[in-house]
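This report describes selected parts of one protein model. Please look at the sequence and structure below before reading on.

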Amino acid sequence: MTTQRTLAIIKPDAVTKGVVGKIITRIERAALAIIAAKLVHMTLAEARGFYIVHRERPFYESLCAFMTQGPCLPMVLAGDDAIRKWRDLMGATDPAKAAAGTIRKDFAASIEANAVHGSDAPETAAFEIPYFFSSFELWPR
Ligand code: GDP
C-alpha cells in the first residue's frame, strides 16, 4: 500500500441530480481524506484542456460539452492506494457494465454522463491535481 493523492470529480450530472452528499459519504466510508474541494463551472476551453488526452476520440467534443453543462466538484483525495480505491468506488466507465454497489451503477445515466471522474495513474494525477488546485489549496499544506 502506498499513500497517494488522486483527482476526483463529481461531474455536472451528479451535482444537478443532487447526489453530492451520497457520493461524499462513500468517500468518507472508504477512509479517503478529502484534502481539497471546490465547485467549478468549466468553460469549454478548460474542459478541452482537461480531457486533451482524449482529443482524437469521437466523443471528445460531446464529452467536453457535457462537462460544461453546469458546475462540477473537483476534489483531491488522499490515502493508502487512493487511485485504485477511488476507481473501485466509481465502477466501470459504462454504468451498464459497472458492478453492483459502485457509484456509476447507482447514479450514472450513460457512458458519458457517468457521475464521477478519477485519475487512472500517478502520472495522470500529477497532471490533473494542479489543473484545479494550487499547493496552497491542499490540506495539510
Ligand atoms: P474513465 O477513466 O472511466 O472516466 O473513462 P475514460 O478515461 O475512458 O473516458 C473519459 C470520459 O469520457 C468517461 O468518464 C466518459 O464521461 C466519457 N466517455 C468514455 N467513453 C465514452 C464513449 O464511448 N462515448 C461517450 N459519449 N463518452 C465516453
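## Arg 55

Arg 55 is partly exposed, because its relative accessible area is 47% and partly exposed covers values between the buried limit of under 20% and the exposed limit of over 50%. The model is a predicted one.

Arg 55 is found in the loop that runs between H3 and helix H4 (60-67). From there, the side chain of Arg 55 reaches the backbone oxygen of Ile 52, at 2.9 Å.

## Helix H7

Helix H7 consists of residues 122-132, and its buried residues are Ala 125, Glu 128, Ile 129 and Phe 132. Viewed down the axis of H7, these buried residues fall within an arc of 100°, so they line one face of the helix. Glu 123, Ala 126 and Pro 130, on the other side of H7, are exposed.

## Arg 26

Arg 26 is found in helix H2, which covers residues 20-29. Leaving aside residues up to four places away in sequence, Arg 26 touches Leu 89, Gly 101, Thr 102, Ile 103, Asp 106 and Phe 107.

One of these, Leu 89, lies 63 residues from Arg 26 along the chain, while the C-alpha atoms of the two are separated by 7.7 Å.

Notes:
Residues are numbered from 1 along each chain as its sequence is written. This is a predicted model: local features need pLDDT of at least 70, side-chain atom pairs count only at pLDDT 80 or more; totals for chains, interfaces and linings use all residues. Side-chain values use heavy atoms; hydrogens and water are left out. Buried means under 20% relative accessible area, exposed over 50%, partly exposed in between (1.4 Å probe, protein chains only). Helices (H or I, at least four residues) and strands (E, at least two) are DSSP runs, numbered from the N terminus. The arc is that of the directions from the helix axis to the C-beta atoms. A polar contact is a pair of N or O atoms within 3.5 Å; within protein, one must be able to donate a hydrogen and the other to accept it, and residues adjacent in sequence count only if both atoms are side-chain atoms. Contact means heavy atoms within 4.5 Å.
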